[in-house]
Amino acid sequence: MAGAGERHLTGWALTNTVVIAYALFPVWWIAALSFKDPSTLTDGNFVPEKWTLENYRGIFETSEFTRALINSIGIALIATVIAVVLGTMAAYAVARLRFPGKKVLIGMSLLIAMFPPISLVSPLFNIERILGIFDTWPGLIIPYMTFSLPLAIYTLSAFFREIPWDLEKAAKVDGATPAQAFRLVIAPLAAPGVFTTAILVFIFCWNDFLFAISLTSTTRARTVPAAIAFFTGSSQFQQPTGSIAAAAVVITIPIIVFVLLFQRRIVAGLTSGAVKG
Amino acid sequence: MAEIVLEGITKRFPDGALAVRDVDLTVGDGEFVILVGPSGCGKSTTLNMIAGLEDITDGTLRIDDQVVNDKAPKDRDIAMVFQSYALYPHMTVRENMGFALRLAKVDKTTIRSKVEEAARILDLTVHLDRKPANLSGGQRQRVAMGRAIVRDPKAFLMDEPLSNLDAKLRVQMRTQISRLQQRLGTTTVYVTHDQTEAMTLGDRVVVMRSGVVQQVGTPQYLYDEPRNLFVAGFIGSPAMNFLHATLEENTLRTIVGDIPLAADVRQSLERQNAPRDLIVGLRPEAFEDPALVDPGRPGNTFSTTVDVVESLGSDVYAYFTEEDWQPTATSELEELAADSGLSETGASGHQVVVRLNTATRIREGSRAELWVDTSRIHVFDPRTGVNLTHHENRGG
């Protein structure tokens, strides 16, 4: 029996290794590229022969990339905060209340989530130019919010539905005002949901290329994914491969930090033990 | 500690459904009152209205001589134990029990001593710093109780607090709740669908059906003098047997023989203008093996085929079937059958259960003689379900 169990374990370890290797291979590739010297860039080695930080120094030399990084962080954070706050309130209402038009609201948000963004790019371009928000932060924050709100509402309402309603009643009987009940009982229990949603929304905003390239024209609001497309080599005959690789590595770091910071909060099953089961 | 007075309490939901109709009830200071009935009878809604978790459509609710209809739950000073326990999963047992005091801005040392006192009573001291997820069902139930008692509220409201426990633990907790309530002397309203709990726990029992109070009284009174068919069938385990009877002159013809009517019962029947077809109710306890009855005791002996004999050690239950049962089924009988799950078994005919002394020699599948104490019959009007032998109807 022990042998069978061990074989089982080895099998799992092997599968995991293969899957992780498969997933991390491109990451390693781009990281390796970013550390390569321009002269060895195309030598086909997966391990740089000459390690250099030249590419990183290069992208931080001009304001083009740093400005884009500030835009990215600012726009993604603001859009995430607004979407999560609005989404939390909307999801709580969807999960807990009966109100006229609830089905329409859910249907509408699903519709928005399903809508292909590419078809909205041209109208948005015109609308934003008329409104004067083209190539500004709000010009990106608003469409990001629009597309991430349905995601936030869906994820969060699932979390709110998991929280037993009896807890809220118990808090009320224990002497809590509705605000206290929400702050002291419901919010702590919904926290994993809120953080999960925040990460999903942040990643969505952070990764977006379509809106970023279509709704910006200068470094005023251009985010990193769009800015990378405008990278140039030191001469017109040189490909900016090294800089692109370095920039790609840099923009992955905030996501990793974000997930590492909140992964402890994203523990499922926090509500277990509230009620029997 | 306080008196809870319900006057004409009515609940109508927005969709028009009438959940509770015109309930008048006074729960005395320190009294233990049970609301009992099948699911959907409005007992939990009534409790929620007392707690303030549901709006009252009509009527007045007074706690401690104060009208509280429009007061929020937090201003009513009542504690509630939920069927699901509703413990806050992110708080330890100590924090759970002290939560209400913390909201009331009681100082920390007082909270500590009160929580520890309650934990001692409920034998939870060693678990104070654990989270609910790490407790067993019985421990969680006790924490829920503890959360209520630390507050020393005007009243306890309990919504089926034992129904999530297994049978053995439920019996233990039942006696513990009873002891606790006597010790604290706090006014308690307790909701259950289990008539055994209702009978054993309460000072008084309120039987409800379809949002209407059927009868209020001590457990013994409800058992002896049920006002209608529903109360008769709901209270008592095994449930009362209902037999078809035809009124002829001064006797009732039933499958357990002809039963002569007492003068006051006959008068009651006349007053109520009773039909010829009636329903007779006989508790399983009214039957016995004729071999074990004193020869002089008045009663009927009849013969029947016993289908099943169940020996429980302390008692023997024997079952036989009334073959020519005409389904005069009133809505009460239908609901009782649904509640007991009898309508699900698909049994044909009408089953009668009798409780016999363990010394009986009656065997399964055999023809047997049974004796019935005819002085213990209840006679019901099938049209209204009214108990014609109830002492109020006898003019006694």
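A:Phe46 has a relative accessible area of 37% and is therefore partly exposed; buried means under 20% relative accessible area, exposed over 50%, and partly exposed in between, with a 1.4 Å probe and protein chains only. This is a predicted model, in which local features need pLDDT of at least 70 and side-chain atom pairs count only at pLDDT 80 or more, while totals for chains, interfaces and linings use all residues. Residues are numbered from 1 along each chain as its sequence is written, chains are lettered from A and ligands numbered from 1 in the order in which they are written, and side-chain values use heavy atoms, with hydrogens and water left out.

A:Phe46 sits in the loop of chain A between helix 1 (2–34) and helix 2 (54–61). Helices (H or I, at least four residues) and strands (E, at least two) are DSSP runs, numbered from the N terminus. Together with A:Phe25, A:Trp28, A:Trp29, A:Val47 and A:Trp51, A:Phe46 makes up a nonpolar surface patch with about 650 Å² of accessible area. Accessible areas come from the Shrake-Rupley method with a 1.4 Å probe, and for residues only the protein chains shown count as cover. Patches are made of residues with over 30% relative accessible area and no salt bridge; like charges are joined within 9 Å, and nonpolar side chains (Val, Leu, Ile, Met, Phe, Trp, Tyr) within 5 Å.

A:Pro48 belongs to the loop between helix 1 and helix 2 of chain A. Its relative accessibility is 4%, so A:Pro48 counts as buried. From A:Pro48 to A:Glu61 there are 13 residues along the chain, and their C-alpha atoms are separated by 23 Å.

For chain A, an unreviewed UniProt entry gives the annotation "transmembrane region" to residues 12–31, 68–92, 104–125, 137–160, 181–204 and 244–262. UniProt positions are given in the numbering used here, feature names are shortened, and annotations may be inferred rather than shown by experiment. Residues 68–92 of chain A are 100% helix and 0% strand, with their end C-alpha atoms 35 Å apart. For residues 104–125 of chain A the figures are 86% helix and 0% strand, and the end C-alpha atoms lie 28 Å apart.

Chain B comes next. It has 396 residues, of which 54% count as buried, and it contains 11 helices and 21 strands. Along the principal axes, the C-alpha atoms of chain B fill a box of roughly 75 × 45 × 40 Å. The feature "domain: ABC transporter" is placed by UniProt, in an unreviewed entry, at residues 4–235 of chain B. That span is 36% helix and 25% strand, and its end C-alpha atoms lie 25 Å apart.

Further along chain B, B:Leu243 is part of strand 11 (residues 241–248). B:Leu243 counts as buried because its relative accessibility is 0%. B:Val280 is 37 residues away from B:Leu243 along the chain, yet the two C-alpha atoms are separated by 5.1 Å.

Over all chains, the structure holds 21 salt bridges, a salt bridge being a side-chain nitrogen of Lys or Arg within 4 Å of a carboxyl oxygen of Asp or Glu. One of them pairs B:Arg151 with A:Asp174, whose closest N and O atoms are 3.6 Å apart. This pair joins two chains, because B:Arg151 lies in the loop between helix 4 (137–149) and strand 7 (155–159) of chain B, and A:Asp174 in the loop between helix 7 (165–173) and helix 8 (178–207) of chain A. B:Arg151 and A:Asp174 are both buried. Both also take part in a network of salt bridges that links them with B:Asp77 and B:Arg147.

Within chain B, B:Glu7 and B:Arg62 form a salt bridge, with the closest N and O atoms 3.1 Å apart. B:Glu7 lies in strand 1 (residues 4–12) and B:Arg62 in strand 4 of chain B, so the pair ties together parts that are 55 residues apart in sequence. B:Glu7 is partly exposed at 35% relative accessibility, and B:Arg62 is partly exposed at 25%. Another salt bridge joins B:Asp381 and B:Arg383 at 2.8 Å, N to O. Here B:Asp381 is buried, with a relative accessible area of 3%, whereas B:Arg383 is exposed, at 55%.

B:Asp64 is in the loop between strand 4 (58–63) and strand 5 (66–67) of chain B, and it counts as partly exposed at 37% relative accessibility.
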